[in-house]
Amino acid sequence: MKWNPAKYVQFASHRDRPFFELTQRIDIEAPRKVVDLGCGPGPLTAALAERWPDAQVTGLDASAEMIEKAATEHLRPNLAFAETDATTWTPEPGTDVLVSNAMLQWIPGHRELMAGWLDALEPGAWFAAQVPGNFGAPSHALMRELAGRPHWKARLEGLALRKDATAEPETYLRLLLDHGFDADVWETTYSQILRGQDPVLEWVRGTGLRPILSVLGEQDAREFEDEYAELVREAYPPFTGSEGEQLTVFPFRRIFMVGRKGPTG
Ligand SMILES: C[S@@+](CC[C@H](N)C(=O)[O-])C[C@H]1O[C@@H](n2cnc3c(N)ncnc32)[C@H](O)[C@@H]1O
């Protein structure tokens, strides 16, 4: 399944805000090594390099396309990018900050992986991650419902569209506490205002819908999108804003976790 960097940056302002709300809670002045795991196209990793100019900041991502875009567009002396699969990665000694924004939901069993990272981090190190908490929202429920209809089920055989791609906040809180971290876990639902025609479809095209579209041929993919767009239009009805433009409210729940490893963790 390929990531499309251009599609992903389309809603950058909505997607960037949680990253900054997450990382502002990391309270360290001069970290040595900082890792952004699942860094995507790079601008947010570059913001970390700017914040900590004396740190060696590394953005890691499993997508060659994302890494190519990041490494081409974000050049700084203390910043590097590398293609790496998080499922086989472990933090190097001296890693003082590990950030992962909007990646863990793509990894089944990510809590076991997280446990390994939390074990490997040294006392005083920070872990900060954000995951969507919206797999039960109409945007995803309708996707699963449509994919389960007989016409599509046959074409999407074996595709797992998980309702439990992420856990509830308490689960992450326990995980951090159990590994000796002082933890702060919270959730925010952003009432996002999207503009234009079928903006919810546009949004999920870059994320949640990708597993479905990547296994369908071009014609089937278009048909699936058309049927899905009709369902989400009802779930997220557009309305006319004060300047005559078409607006849609797309609520988006996100779960945040930040922790610092204690001296005996
Ligand atoms: C939703 S994007 C988030 C990008 C960036 N962190 C941001 O906040 O804009 C998810 C990223 O996770 C990456 N990803 C997914 N599975 C991964 C894995 N197993 N290892 C490393 N990166 C992965 C994808 O390639 C993609 O760039």
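Two strands pair if DSSP finds at least two bridges between them. Helices, H or I of at least four residues, and strands, E of at least two, are DSSP runs numbered from the N terminus. I will need both rules for the sheet.

Before that, the ground rules. This is a predicted model, so local features need pLDDT of at least 70, side-chain atom pairs count only at pLDDT 80 or more, and totals for chains, interfaces and linings use all residues. Residues are numbered from 1 along each chain as its sequence is written.

Now strand E4, residues 95-101. On one side, 4 bridges join E4 to strand E1, residues 33-37, and the two run parallel.

How many residues of E4 are buried? The count is 7 of 7, so the strand is mostly covered, where buried means 20 or more other C-beta atoms within 10 Å of a residue's own, exposed means 12 or fewer, and partly exposed lies in between, with C-beta atoms placed from the backbone.

Next, two backbone angles. Most residues other than glycine have a negative phi. Ala 102, in the loop between E4 and H5, has a positive phi, near 60°. Ala 102 is buried because 20 other C-beta atoms lie within 10 Å. Asp 198 is not a glycine either, and its phi is positive at about 50°. Asp 198 sits in the loop between strand E6 (181-195) and helix H9 (199-205). Asp 198 counts as buried because it has 20 C-beta neighbours inside 10 Å.

For contrast, take Ala 160, in the loop between helix H7 (150-153) and helix H8 (169-178). Is Ala 160 buried or exposed? Ala 160 is exposed, because it has 8 other C-beta atoms within 10 Å.

Pro 251 lies in strand E8, residues 246-261. Pro 251 counts as partly exposed because it has 13 C-beta neighbours inside 10 Å. Leaving out residues up to four places away in sequence, Pro 251 touches Thr 189, Ser 191 and Gln 192; contact means C-beta atoms, placed from the backbone, within 7 Å. The C-alpha atoms of Pro 251 and Ala 137 are separated by 8.7 Å, although the residues are 114 apart along the chain.

On to the ligand. It is surrounded by 20 residues, and the closest are Gly 38, Gly 40, Ala 62, Ser 63 and Ala 86. A residue is near a molecule if its C-beta atom, placed from the backbone, lies within 6 Å of it. By class, the shell has 11 nonpolar, 6 polar and 3 charged residues. Nonpolar covers Ala, Val, Leu, Ile, Met, Phe, Trp, Tyr, Cys and Pro; charged covers Asp, Glu, Lys and Arg; the others, Gly among them, are polar.

Last, the whole chain. The protein chain has 11 helices and 8 strands. Of its 265 residues, 38% count as buried. The C-alpha atoms fill a box of roughly 55 × 35 × 35 Å along the principal axes.

Conventions: Contact = placed C-beta atoms within 7 Å.
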